[in-house]
Amino acid sequence: MLLRWKPGLPLLLLLGQLGPLCRGALAAPGLAEDTVELDFFTKRPVHLVSPAFLSFTIDANLVTDPRFLTFLGSPKLRTLARGLSPAYLRFGGTKTDFLIFDPKKEPTFEERSFWQSQVNQDICKSGSIPSDVEKRLRLEWPFQEQLLLREQYQKKFKNSTYSRSSVDMLYTFANCSGLDLIFGLNALLRTADLHWNNSNAQLLLNYCSSKSYNISWELGNEPNSFLKKSGIYIDGFQLGEDFIELHKLLRKSTFKNAKLYGPDIGQPRGKTVKMLRSFLKAGGEVIDSVTWHHYYLNGRTATKEDFLNPDVLDTFILSAQKIFQVVEETRPGKKVWLGETSSAYGGGAPLLSNTFAAGFMWLDKLGLSARMGIEVVMRQVFFGAGNYHLVDENFNPLPDYWLSLLFKKLVGTNVLMASVKGPDRNKLRVYLHCTNINHPRYKEGDLTLYALNLHNVTMSLQLPYHLFDKQVDKYLVKPSGPDGLLSKSVQLNGQILKMVDDQTLPALMEKPLRPGSSLGLPAFSYGFFVIRNAKVAACI
């Protein structure tokens with residue numbers, strides 16, 4: 001039987017001996033302070049996550065000026081996205097509720113130039129953005145980015161329209177990159193009596209049907225803050241009714257088997273929890289997964305110390321618990337997804353969210369989410385405005401991209417349990433899964449341990465006795481260059497990670513360890529350890 005956190009279930013069972021939950025046990029005598037023993041629970045998986053567990057987003061604000069959607073035609077950007085397949089690509093964010101589809105709108109000059117360059121070619125394999133167009137857009141992007149961030153900060157949003165070409169650009173990017181597109185519909189289009197006005201959604205569905213597009217859907221983004229953003233208050237019951245309306249609309253179209261996700265609420269505090277509860281009671285039956293959003297910090301005030309603070313990392317546990325509690329009370333067994341998440345809200349923390357230091361939050365969130373039973377985690381954003389992107393404005397992968405790529409290649413869907421013996425456990429955080437058997441080097445029964453060390457000394461991890469003599473492959477990630485933890489470049493086992501060329505990702509080379517040796521994890525680093533030939537029955 002698979003476990004997920006439920007009210008009344010001892011959290012220790014799912015979270016292992018983590019942090020403040022289990023203090024005071026002493027390390028075995030004779031072990032050096034920086035040597036720790038690990039406990040594994042591998043009798044059965046505690047949870048099964050989706051093969052698309054690690055997924056990501058494109059923020060809807062990229063369409064504010066549709067010219068910049070042309071970036072999605074870049075072969076380099078598509079190569080990077082393909083590296084993280086299988087995954088969902090969520091098109092959503094605050095701007096979702098200020099976008100209106102106009103089927104009569106003409107494509108921009110930039111979009112038109114891109115499509116013309118693709119005529120009579122395989123759309124997924126052919127050329128790139130015309131170089132003059134790309135050059136001009138790259139020059140203009142920093143100004144557009146500032147405009148988008150200012151709009152976000154001031155919370156003054158204007159309606160924008162998007163064309164058929166914009167939808168095509170987005171769908172082609174997803175399709176050519178092996179991603180499943182989830183499209184967020186505008187929930188703030190309202191009738192006089194505040195019911196959802198579905199006429200614009202109907203136009204979009206008609207167009208997508210005519211193109212035989214395979215898309216999943218959402219309705220609205222963070223409805224708990226509609227009043228603040230637009231002056232319109234929608235309660236959870238009304239939102240549930242709106243989702244039922246959308247569900248009926250989908251059933252009458254070629255999207256009768258399409259998935260529907262929601263309500264994409266913000267952090268589970270006070271009124272937001274109340275809204276989620278009434279939404280699930282009213283409309284929870286028609287959604288395939290419950291989606292919620294999480295950020296640890298405010299990007300304008302976050303510090304490097306916050307990013308390395310295990311107590312900050314632990315705050316995620318309480319938020320996830322609250323969501324599971326409401327879901328179990330209203331729609332027991334309904335899947336829970338983290339529909340949008342990153343380190344800090346407001347576009348991320350400058351000089352932090354795009355550096356090596358952000359990896360501790362990202363890897364820990366993936367580990368805790370899997371262990372608590374969250375089926376999919378969608379990272380904000382793959383590419384776009386702000387500092388929390390995986391790929392920068394020059395289409396160069398940032399540290400969290402490489403961390404995500406390693407996770408994809410090495411970590412399987414069966415979630416197991418690992419914990420650290422001894423005191424002060426919350427600075428050394430360990431997670432265990434079956435290995436991803438799609439990796440050519442590994443096979444069923446192998447284990448992947450991933451760990452992050454927030455101590456200022458190297459920690460030596462000792463495997464449980466029955467695995468002590470196994471061959472282990474180490475994938476150690478450290479910052480590269482003089483900026484240390486604030487570096488935008490990383491090394492894997494001492495080799496700097498960078499693309500071979502615009503269409504080729506580098507090989508992620510392991511470092512085989514001598515059987516019986518302890519697993520060294522330097523101060524402020526993270527990594528993966530694949531235990532080969534472990535023959536764990538739960539992984540076979």
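Close-up 1: R90 forms a salt bridge with E218, their closest N and O atoms lying 2.9 Å apart, where a salt bridge is a side-chain nitrogen of Lys or Arg within 4 Å of a carboxyl oxygen of Asp or Glu. This pair links distant parts of the chain, since R90 belongs to strand β4 (residues 87-92) and E218 to strand β8 (residues 216-219), 128 residues apart; strands are DSSP runs of E, at least two residues long, numbered from the N terminus. R90 also forms a salt bridge with E340, and here the closest N and O atoms are 2.8 Å apart. E340 is in strand β11 (residues 335-345), 250 residues from R90. Both E340 and R90 are buried, meaning under 20% relative accessible area with a 1.4 Å probe and protein chains only.

The model is predicted, so local features need pLDDT of at least 70 and side-chain atom pairs count only at pLDDT 80 or more, whereas totals for chains, interfaces and linings use all residues. Residues are numbered from 1 along each chain as its sequence is written, and side-chain values use heavy atoms, with hydrogens and water left out.

**Close-up 2: the salt bridge between D65 and R67.** The closest N and O atoms of D65 and R67 are 3.1 Å apart in this salt bridge. D65 is buried at a relative accessible area of 19%, and R67 counts as buried at 18%.

**Close-up 3: strands β17 and β22.** Strand β17 (residues 459-462) pairs with β22 in the antiparallel sense over 3 bridges, pairing being assigned if DSSP finds at least two bridges between two strands. M459 stands opposite L521 in β22.

Notes: Helix = DSSP H or I, 4+ residues; strand = E, 2+ residues; numbered from the N terminus. Buried < 20%, exposed > 50% of the residue type's maximum accessible area, 1.4 Å probe, protein only.
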